[in-house]
Amino acid sequence: MREVAIIASAQADNTSTTTSTPVEMLIPVIQQVLANASMTKTDIGFWCHGSCDYMTGQPFSFVSAVDALGAWPPIIESHVEADGAFALYEAWLKIQTGEIDTALVFGNGRSSSGDINRILTLQLDPYVVGPLWPDDRSIAAMQARACLESGVVTERAMAEVAQRNHRNALTNPKALRSGDHSIEALMAAQLVADPLRELDCPAHADGVTAVIIAAGDRARSLVARPAWIRGIDHRIESQNLGNRSMTTLPSAALAAHKAGVGNDKIDVAELHAPYSHQELLLTTALGLSESTTINPSGGALCANPMMSAGLARFAEAATRVMNGTADRAIGHASSGPWMQQNLVCVLEGE
Amino acid sequence: MSDDVLRIRTPIGIKYQYSAGPRVSSHLLGLMEGRFVGKRCPVCELVYMPPRNGTCAKCGALLGEDVEVSQRGTITTFCVVNVPFLGQTIKIPYVSATILLDGADMGMQHLIQEVDAADVRMGMRVEPVWRPREEWQPSLENVMHFRPTGEPDAPFDSYAGHL
Ligand SMILES: [Zn+2]
């Protein structure tokens, strides 16, 4: 295995609407991440992008993203129809082949272009479940209800997750929302999809995240303290909701095991859990203890820029390793109903 | 076997709000006034008309100042459409051309009419024929087509760098 590290990241402010085109939104973030690594575009060996055509409503809309890169002279690039974190996984594999030493990875999406809760319905099985048009919140609410009934979570524990994330987001200038809410106020808030309340749900946002990764001594030459990827693993569960556990996340547990989460203590975990009860399930699946600080950024409850929220978790975790506030951190990305897909990455300083 | 379900219909409807973006908007608003407003790249200084998606793909840069370009231009390349297809609204054969407007660095696609397809050639000078003003929308369709101006052809060297 080649050693690979995250050496720089940049994020756009998360916004609830934007008038710019997706390509216009990308350019400042691409330029910023290059500047943060003191690199220029000719230093990048591979470019990998995560986005989703269903969010723009335009087939092949991802092709225009290449316009943001200044692809002259020609570049080597690729795209995944997924969160940018999965593009990072592809770039990590590309570095393993030995073909390249550096990669710029980015994810972007405008959640505000359409009704995102309805757009997410299109990722369901198109024969039996999709035609019923359950929206994303309703699907998540079914899971939350099953978790409450079985006792693996409580409404108070969910409120505590919402409280902590919104408090953490007070110090994250990129977050879409933040606040200091009492448990009582959170538990008294109106239900939006029983048993979920507004602040139990993701703060869907328009956003962009970009990350640069580099191999071995190249990484050491570029920054003082790279965030080394010591383990990375992606696991997927059945698309058929009837085959799924509603109260555990086996794919997250397996990915965490394969990525080596349990080998040593984890200082910080940035988890892409879109709903409050899902953070509780994920914390259990990853085997995290009280000593781990979870989502110091405020997580997806305070900004969930679709297609870059997972990569933003990687960026937040890496930033804390690079600035020395953490020695060992987790970046996590998920996708699909009930967190069908889980990508777990262990980052370490040296 | 005839009772087996072989096919189901599952209609999908999603509404999107499309935003042209601030840079393309000035171009579209220009078309509402019968003007061709493009944009200059602040890095390579090329003038894009239309301004694509607000970016210079070569530089990876946001386009900068508005540049109004001429209503006259030169055909750089073209193709003669001889094939009928579903939904075709123009009588074949007709010519679809790339037109380099004077003052722009990137050609734009449009229809060439009021000339026999066999007479269309690289270097031919053309001008737009606008629809009646009351039909104008923020769209290049405000121009029905381009037609020859009758000027002498532009020399090849004048557009060779823009093919
Ligand atoms: Zn340029």
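The side chains of A:Asp233 and A:Arg235 are joined by a polar contact of 2.7 Å; a polar contact is a pair of N or O atoms within 3.5 Å, where within protein one must be able to donate a hydrogen and the other to accept it, and residues adjacent in sequence count only if both atoms are side-chain atoms. The model is predicted, so local features need pLDDT of at least 70 and side-chain atom pairs count only at pLDDT 80 or more, while totals for chains, interfaces and linings use all residues. Residues are numbered from 1 along each chain as its sequence is written, chains are lettered from A and ligands numbered from 1 in the order in which they are written, and side-chain values use heavy atoms, with hydrogens and water left out.

- A:Asp233 lies in strand S8 (residues 227-236) of chain A; strands (E, at least two residues) and helices (H or I, at least four) are DSSP runs numbered from the N terminus.
- A:Asp233 counts as buried because its relative accessibility is 10%, buried being under 20% relative accessible area (1.4 Å probe, protein chains only).
- Apart from neighbours within four places in sequence, A:Asp233 is in contact with residues including A:Leu254, A:Lys258, A:Asn342 and A:Val344, contact meaning heavy atoms within 4.5 Å.

**Helix H5 of chain A**

- Helix H5 (residues 136-150) of chain A has 15 residues and spans 22 Å from its first C-alpha to its last, close to the 21 Å expected at 1.5 Å a residue; the expected span is 1.5 Å times one less than the number of residues.
- Among the buried residues of H5(A) are A:Asp136, A:Arg137, A:Ala140, A:Ala144 and A:Cys147.
- The buried residues of H5(A) pack against helices H4 (116-119), H6 (155-168) and H10 (276-286), and against strands S5 (191-193) and S6 (196-197), of chain A.
- A:Gly151 follows H5(A) and has a positive phi, near 85°.

**Interface of chains A and B**

- Chain A contributes 31 residues to the contact and chain B contributes 26 residues.
- The two chains, B and A, bury about 1900 Å² between them, 54% of it on carbon and sulfur atoms; buried area is the accessible area (1.4 Å probe) that two parts lose on being put together, summed over both.
- On the chain B side, B:Ile14, B:Tyr16 and B:Asn53 lose the most area to chain A, together 26% of what that side buries.
- The rule finds 2 salt bridges across the interface of chain B and chain A, a salt bridge being a side-chain nitrogen of Lys or Arg within 4 Å of a carboxyl oxygen of Asp or Glu.
- A:Glu24 forms a salt bridge with B:Arg23, in which the closest N and O atoms are 2.7 Å apart.

Technical notes. Buried < 20%, exposed > 50% of the residue type's maximum accessible area, 1.4 Å probe, protein only.
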